[in-house]
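Please keep the sequence and the model at hand while reading.

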Amino acid sequence: MPDEAECCCQEIACSLRALIRDVDEIVRLLQILVQERQPDVDSSAPEQNSVDDRIESLTDRESEVFHLLVTGMSNRQISRRLGIAERTVKNNLHSIYRKFGVSGRAEAIAQYFGAPTPHPRSSS
């Protein structure tokens, strides 16, 4: 008969697998949404190089914040994890968005996972 710790570990593992499936589904949906907004953008390797370059341009703190962002953490959770003020997290995120050329967290995450982000359209 499994002990309580083993049962707990099994429950955690099951929850983590479900979370990974959910994240995969969210990423898939984000990619579809971004592609629908800009269907003529080519998502080839040069775009990935561009994302890699942008990630390398982040400061150490911005990189920490960004990697927690893509795990789905809220600003409050990120601030608690890193031991910094929530306002500092927001400032780091705005800097990240500017460097990535996006307007928010969903676009930044979609770009990180390989979905093309729409470019601003000129008004007709």
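Does Glu 64 count as buried, partly exposed or exposed? Glu 64 counts as partly exposed, at 37% relative accessibility. The model is predicted, and the points below are grouped by topic.

**Salt bridges**

- A search of the whole structure gives 3 salt bridges. Side chains of opposite charge can pair when their charged atoms come close.
- Glu 64 pairs with Arg 61 in a salt bridge, at 3.0 Å from N to O. Both residues belong to helix H3 (residues 60-69), and because they are 3 residues apart, about one helical turn separates them. Arg 61 is partly exposed, with a relative accessible area of 32%.
- Glu 62 and Lys 99 form a salt bridge through their side chains, with an N to O distance of 2.7 Å. This pair links distant parts of the chain, since Glu 62 is in helix H3 and Lys 99 is in helix H5 (residues 86-100), 37 residues apart. Glu 62 is buried, at 6% relative accessible area, whereas Lys 99 is partly exposed, at 27%.
- Glu 86 forms a salt bridge with Arg 76, and their closest N and O atoms are 3.7 Å apart. Glu 86 lies in helix H5 and Arg 76 in helix H4, so the pair ties together parts that are 10 residues apart in sequence. Glu 86 is partly exposed, with a relative accessible area of 28%, and Arg 76 also counts as partly exposed, at 46%.

**Helix H4 and Ser 79**

- Ser 79 sits in helix H4, which spans residues 75-82.
- Ser 79 counts as buried because its relative accessibility is 7%, and the cut-off for buried is under 20%.
- Apart from its neighbours within four places in sequence, Ser 79 contacts Ile 84, Ala 85, Glu 86 and Val 89. One of these, Glu 86, is also the salt-bridge partner of Arg 76.

**Cysteines**

- The structure holds 0 disulfides.
- The cysteine sulfur closest to that of Cys 8 is in Cys 9, and at 5.9 Å it is too far for a bond. A disulfide needs the two sulfur atoms to be within 2.5 Å.
- Cys 8 is partly exposed, with a relative accessible area of 41%. Cys 14 is partly exposed as well, at 45%.

**Helix H6**

- In helix H6 (residues 105-112), the buried residues are Glu 107, Ala 108, Ile 109, Ala 110 and Gln 111.
- Gly 114 follows H6 and has a positive phi, near 100°.

Note on methods:
Residues numbered from 1 in each chain as written. Predicted model: local features only at pLDDT ≥ 70, side-chain atom pairs only at ≥ 80, totals over all residues. Heavy atoms only, no water. Helix = DSSP H or I, 4+ residues; strand = E, 2+ residues; numbered from the N terminus. Buried < 20%, exposed > 50% of the residue type's maximum accessible area, 1.4 Å probe, protein only. Contact = heavy atoms within 4.5 Å. Salt bridge = Lys/Arg side-chain N within 4 Å of Asp/Glu carboxyl O.
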